[in-house]
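Me: I have a structure to study and a few things to ask. Can we take them one at a time?

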Amino acid sequence: MPTAPETDVGTLTPSTPRELQLEVTAACNLRCRMCLVRYRPPVNRVAGSMSFDTFRVLVDDVPDLEKLTLQGLGEPLLNPDLLAMVRYASARGVRVGFNSNGTLLTERKAQQLIEAGIDWLHVSVDGARRETYAYVRGRDEFDRVARHAAGLARVKERLGGDRPTLSVVFVAMRTNVAELPDLVRLTASWGIPTLRVQNLSHDFSDTQCDTGFDDIRAFTSTQALWAGDRGARDVFDEARRVAHETGVDLRLPELEERPVSRAAGTPGCTWPWDSAYVTHDARVQPCCMVMGADRVMLGRVDRPGAFGAVWRSEPYREFRAALLTDTPPEVCRGCSMYRGVF
């Protein structure tokens, strides 16, 4: 979750954010079971990419921007203008980075990204065994991704700079959680210092009346660790032990929801005060956890000056106001970040 100590959550129209997350493409070359991309028609690489003009308008519209995340439902490396976007943001003094599935992250591409000024780069790996990886990701690219992860670390070492910060990201589910200790070992062998583990992002309970979400909702209901997987805690303990042995910085999520305790007038989530999520076709959403532009849209930002108007709009004010109550927007109630288990 974005953090901005200066955020005044007492106002429903805060200053423009210092962080943005842009879905630079909706196209993807994998079909992961926990991602909405799998359950929607394929998106064309060109038509599904945010244009550089739209990107530049957005960045220029947020003068105090400090951090920019270039990812959404698609694979960022499929956007043909990605390097130009990184260069543009970096030249503005904005920290910029993204998560990648790693399939296209060759050593040449890694060097180009580092030379363009990338600040962080995370590689998603959802299994330590080829069979598990292929099941989760919808295609067997395990060896390629392992090779690219190790190559990324080598390129950074060869270039000799502090940037980018490198991590492996693992989405923990009942199908793959037992392999977490082995993934810690693999992360160390690739030369990547950090392994970030996260839970599934949403239970999609707000989509009961929408058959388009039936499959992903059913998958989540059988795979979410917060639904009561007793063995996960023991696996986490073993992963911590292996991380200590190998020197990997392991970051683990909570496995049980904590009772919501907040002071009156403070939000259950500060995302809509601190940041915004913009889809490849310039639709503004409150955060990246929504997963699906048809679930909530707060406005469009397809022209200069539009972002500020959307940020101050009545739909945004109403969304923020609901987060200050005990009855948040329906789309937030099934969010694992809102519930403290992401």
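Me: Which residues is Leu-70 in contact with, leaving aside its neighbours within four places in sequence?
Reply: Bear in mind that this is a predicted model. Contact here means heavy atoms within 4.5 Å. With neighbours within four places in sequence left aside, the partners of Leu-70 are Leu-22, Val-24, Phe-55, Pro-76, Leu-82, Met-85, Val-86, Val-96, Gly-97 and Phe-98.

Me: How many residues does the largest nonpolar core have?
Reply: Leu-70 is one of the members that touch the most others, and so are Leu-22, Phe-55, Leu-68, Leu-113 and Leu-195. Helix α5 (residues 142–159) gives the largest share of this core, 8 residues. A second, separate core includes Leu-36, Phe-204, Phe-213 and Ile-216, and has 5 residues. The largest core has 101 residues.

Me: Which strands stand at the edges of the sheet?
Reply: The open sheet has 10 strands with mixed pairing. Their order is β7-β6-β5-β4-β3-β2-β1-β8-β9-β10. An edge strand here has a single partner, so one side of it is left without a neighbour in the sheet. That picks out β7 (249–251) and β10 (299–300).

Me: What is the bridge partner of Val-169 in β6?
Reply: Strands β5 (residues 165–171) and β6 (residues 194–198) run parallel. They are joined by 5 bridges. In β6, the partner of Val-169 is Arg-196.

Me: Is Cys-287 buried or exposed?
Reply: Cys-287 lies in the loop between β9 (283–285) and β10. Beyond its neighbours within four places in sequence, Cys-287 contacts Trp-271 and Tyr-277. Buried means under 20% relative accessible area. Cys-287 has 13% relative accessibility, so it counts as buried.

Definitions and conventions
Residues are numbered from 1 along each chain as its sequence is written. This is a predicted model: local features need pLDDT of at least 70, side-chain atom pairs count only at pLDDT 80 or more; totals for chains, interfaces and linings use all residues. Side-chain values use heavy atoms; hydrogens and water are left out. A nonpolar core is a set of buried Ala, Val, Leu, Ile, Met, Phe, Trp, Tyr and Cys residues joined through side-chain atoms within 4.5 Å. Buried means under 20% relative accessible area, exposed over 50%, partly exposed in between (1.4 Å probe, protein chains only). Helices (H or I, at least four residues) and strands (E, at least two) are DSSP runs, numbered from the N terminus. Two strands pair if DSSP finds at least two bridges between them.
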